[in-house]
Amino acid sequence: MLENKQYHQAVKFFSEFLINNPKNLEALNGLAEGQHRSGDPMTAILTYQKSLSHQPDQPEAWISIGNIQYYNNLFPEATLSYQKSVELDPTNSKVYNNLGSVLKEQKRFDQAISNFKKAYNLDPKYALACRNLGDIFLRQGQKTEAVFWLKNAVNLDPENMRGQYWLGKAFYQSGEFENAKNQYIRVLSKRPGLHSVHHDLGLAYFGMRHYSEAIDHVQQAIRANHSIYIYYLSLSRLFSSLHDETTALAVLDSAHQYDRSIPEIWIAKGDIHKSGERFEDALKAYQISSSYDSKNWKGYYKQGVVQYYLGRLNEALSSLELAHEIDSTQSEINHFLGLVHLKQEKVQMANYYLVKASMADGSNANILFHLGQSYSYLNKTQKAKLNFERSLEIDPNNSEALYALGQAYRTLGEKEASQVTLEKFKQISDFEKSKKTLQKQISNRPKDLKIKKELAALFESIGDFKSAADVWQQAAYFGDQNAQLELKRLKSELK
């Protein structure tokens, strides 16, 4: 009856049998399973415990109790049950996998990893343990480890679509967009209706700058399930990257037809307006976002940013301080608090926040540049120089950092270095002015292939072949017949 999923009849049969055989372990455990399967999990636990009172050394009974507790979100209790099973039978790979799963839910990641690895060491063909290891490394951003374990999982269980999908996500996070694409296509060949896979396949194509395919698959995801707002965010981002702000905003408007209260949609709208320097429109969108979610630091932070650009420094400070109260660890918040204090000539306070920002994100070129500025104002030129140099190691084409470094070299008496740096500043400054002009023209006329050709040539003129290739990919999307030839030529330049 249990095997045929006739759970209520099974409960009835076992209950009758136990009247004359109250200590029969098979009947007690069968009754417990039937109770669990028929929707009475807490009674099932009591029945398993009765079975254990007659014979305590039943590791499988403890696993069953742990499973019920796990599925009912009783994670600490499940942890204890699985640990009791381990004490009784330390050779069972399944219990280590289950214990790892419940520890993962409690964010005890190191212990979870240790148990998943014990499960795998006991059974090197245990695909689920490999998959769980891949998932946990994926969550932690350990891409190489995630790819390794998910490849193992897929090799051991090639038909498992979840493992295939997670491997695709691991490849995507590692920047291996071609491999991610191939994994997602494998999944869709078996399950073509999975909208989340269509969405992620679209992102993989976007990573490869194959715009038509990217847009097509994200649109397929929306058609399959129009209630998932992340799909609209992705599609809007695709059109924004093509400088088609009108369509990008229209996509977000279509998301509002289903739910106007999603703060992330308002933030995305604000970001599009901000990139077009429509700061008042951006500010309104960010304020609406915060009205729907007053505990989200991003809405207040982004309000502070546009208020800073509008020159409303006191308002910017208030918004950023609200964001800081919610989460003081975010480098972006500390960065702009530093910028506001710099503008207000509170240099010591600015330096304090910029140091905090650089400690949280030491690879952000802008943070390091502004930290260098604060040291310059404090007349700590050597420290300023070091931060300008670090900034330019990350972004060699930042004209402001080049100018500031040139001035620092001059102050320190390094005349030759100053001259070379300031000459490069002039070159990059002229480039940035031309780039900004062309990008503004493209924002107004995103399908104008002549402007795109000029922008690609501009990037090539400073040896930025990757950015030039991105522009030609956009031109290809809008129908430029020569784009593929130009991309082929650039590919050889990149080699």
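## Gln 439 in helix H25

Gln 439 sits in helix H25, which covers residues 415-444. Helices here are DSSP runs of H or I with at least four residues, strands are runs of E with at least two, and both are numbered from the N terminus. This is a predicted model, in which local features need pLDDT of at least 70 and side-chain atom pairs count only at pLDDT 80 or more, while totals for chains, interfaces and linings use all residues. Residues are numbered from 1 along each chain as its sequence is written, and side-chain values use heavy atoms, with hydrogens and water left out.

With a relative accessible area of 27%, Gln 439 is partly exposed. (Buried means under 20% relative accessible area, exposed means over 50%, and partly exposed is in between, with a 1.4 Å probe and protein chains only.) Gln 439 is 110 residues from Thr 329 in sequence, and their C-alpha atoms are 34 Å apart in space.

Another glutamine, Gln 35, belongs to helix H2 (residues 25-37). Gln 35 counts as buried, at 10% relative accessibility. Setting aside neighbours within four places in sequence, Gln 35 is in contact with Val 11, Asp 40, Pro 41, Thr 43, Ala 44 and Thr 47. Contact here means heavy atoms within 4.5 Å.

How do H2 and helix H3 cross? Their axes come within 7 Å and cross at roughly 165 degrees, with H3 spanning residues 41-54. That makes the two helices, H2 and H3, roughly antiparallel. Axes are lines fitted to C-alpha atoms, for helices over the stretch in contact, and angles run from 0 to 180 degrees between N-to-C directions. Angles under 35 degrees count as roughly parallel, over 145 as roughly antiparallel, 65 to 115 as roughly perpendicular and the rest as oblique. From H2, the residues that meet H3 include Leu 25, Leu 28, Gln 35 and His 36; on the H3 side, the partners include Pro 41, Tyr 48, Lys 50 and His 54. The residues of this contact divide into seven nonpolar, seven polar and two charged. In this count, Ala, Val, Leu, Ile, Met, Phe, Trp, Tyr, Cys and Pro are nonpolar, Asp, Glu, Lys and Arg are charged, and the others, Gly among them, are polar.

## The H13-H14 pair

Helix H13 (residues 211-224) and helix H14 (residues 229-241) have axes that come within 9 Å and cross at roughly 155 degrees. H13 and H14 are therefore roughly antiparallel to each other. In H13, the residues that meet H14 include Tyr 211, Ile 215, Val 218 and Ile 222; in H14, the residues that meet H13 include Tyr 231, Leu 235, Leu 238 and Phe 239. This contact of H13 with H14 divides into 11 nonpolar residues, three polar and no charged.

## Nonpolar cores

Which residues touch the most other members of the largest nonpolar core? Of its 66 residues, they are Tyr 82, Phe 137, Tyr 184, Leu 235, Leu 238 and Phe 239. A nonpolar core is a set of buried Ala, Val, Leu, Ile, Met, Phe, Trp, Tyr and Cys residues joined through side-chain atoms within 4.5 Å. Beyond its neighbours within four places in sequence, Phe 239 is in contact with Ile 215, Asp 244, Thr 247, Ala 248, Val 251 and Tyr 477. Another core, of 32 residues, lies apart from the largest one and has Val 305, Phe 369, Tyr 375 and Ala 408 among its members. In soluble globular proteins, nonpolar side chains tend to be buried together.

Ile 113 is part of helix H7 (residues 109-122) and counts as buried, at 11% relative accessibility. Not counting residues up to four places away in sequence, Ile 113 touches Leu 133, Ile 136, Phe 137 and Gln 140. Ile 113 and Asn 97 are 16 residues apart in sequence, with 9.4 Å between their C-alpha atoms.

Leu 252 is found in helix H15 (residues 245-256), and at 0% relative accessibility it counts as buried. Lys 269 is 17 residues away along the chain, and its C-alpha atom is separated from that of Leu 252 by 7.1 Å. Leaving aside neighbours within four places in sequence, the contacts of Leu 252 include Tyr 232, Leu 233, Ile 265 and Lys 269.

## Two loops with positive phi

Glu 277 is not a glycine, yet has a positive phi of about 60 degrees. Glu 277 lies in the loop between helix H16 (263-275) and helix H17 (279-292), and is partly exposed at a relative accessible area of 43%.

Asn 379, also a residue other than glycine, has a positive phi near 60 degrees. Its place is in the loop between helix H22 (365-377) and helix H23 (381-394), where Asn 379 is exposed, with a relative accessible area of 66%.
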